[in-house]
Amino acid sequence: MAEQTYTVTGMTCGHCASSVTEEVQEIAGVTNVSVDLPTGKVTVTSERELALDDVRKAVEEAGYSLSA
């Protein structure tokens with residue numbers, strides 16, 4: 001199991017967090033997604049370490065940006 005934390009910019013409400021969660025959960029191997037809305041932190045638990053580009057694409061598909 002791997003756990004990685006990312007910072008997502010642009011999320012302002014529960015719907016935003018839900019959108020990001022739904023998109024990231026679609027990445028193969030993801031077992032859990034936890035969003036801390038006030039900080040913009042998104043913690044992803046997965047079967048293996050995820051490629052940053054895969055996470056970035058999922059976040060962008062939800063309409064937000066992944067911070068460097």
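Tutor: Two residues are in contact when heavy atoms of theirs lie within 4.5 Å. Keep in mind that this model is predicted.

Student: Which residues does Thr31 touch, not counting residues up to four places away in sequence?

Tutor: Start with its place: Thr31 sits in strand β2. Now leave out residues up to four places away in sequence and apply the 4.5 Å limit. The residues that Thr31 touches are then Met1, Thr45, Ser46 and Glu47.

Student: Is Thr31 buried, partly exposed or exposed?

Tutor: Buried means under 20% relative accessible area, and exposed means over 50%. Thr31 has 41% relative accessibility, so it counts as partly exposed.

Student: How far apart in space are Thr31 and Glu3, C-alpha to C-alpha?

Tutor: Along the sequence, 28 residues separate Thr31 and Glu3. In space, C-alpha to C-alpha, the distance is 9.9 Å.

Student: In what order do the elements of the protein run from the N terminus on?

Tutor: The secondary structure consists of two helices and four strands. Read from the N terminus, their order is β-α-β-β-α-β.

Student: Why is the protein said to be as compact as a globular protein of its length?

Tutor: For 68 residues, the globule rule gives 11 Å. The protein comes close to that, so it is as compact as a globular protein of that length, with a radius of gyration of 10 Å.

Student: How far apart are the end C-alpha atoms of helix α1?

Tutor: Helix α1 covers residues 14–25, which makes twelve residues. At 1.5 Å a residue, the helix should span 16 Å. The model agrees, because the end C-alpha atoms are apart by 16 Å.

Student: Which elements do the buried residues of α1 pack against?

Tutor: First find the buried residues of α1: Cys16, Ala17, Ser19, Val20, Thr21 and Val24. Their packing partners include strands as well as a helix. The elements are β1 (2–9), β2 (30–36), β3 (41–46) and α2 (52–61).

Student: Is Ser19 buried or exposed?

Tutor: Ser19 belongs to helix α1. Beyond its neighbours within four places in sequence, Ser19 contacts Ala62 and Tyr64. The cut-off for burial is under 20%. Ser19 has 17% relative accessibility, so it counts as buried.

Student: And Glu23: which residues does it touch, not counting residues up to four places away in sequence?

Tutor: Glu23 also lies in helix α1. At 24% relative accessibility, Glu23 counts as partly exposed. With residues up to four places away left out, Glu23 touches Ala58, Glu61 and Ala62.

Student: What is the relative accessible area of Glu60?

Tutor: Glu60 is part of helix α2. Glu60 is partly exposed because its relative accessible area is 45%.

Student: How far apart do the centres of the positive and negative side chains lie?

Tutor: The protein has 4 positive side chains and 11 negative ones.

Conventions. Residues are numbered from 1 along each chain as its sequence is written. This is a predicted model: local features need pLDDT of at least 70, side-chain atom pairs count only at pLDDT 80 or more; totals for chains, interfaces and linings use all residues. Side-chain values use heavy atoms; hydrogens and water are left out. The radius of gyration is taken over C-alpha atoms; the globule rule is 2.2 Å times the number of residues to the power 0.38. Lys and Arg count as positive and Asp and Glu as negative; His and the chain ends are not counted. The place of a charge is taken as NZ of Lys, CZ of Arg, CG of Asp or CD of Glu. The expected span of a helix is 1.5 Å times one less than its number of residues. Buried means under 20% relative accessible area, exposed over 50%, partly exposed in between (1.4 Å probe, protein chains only).
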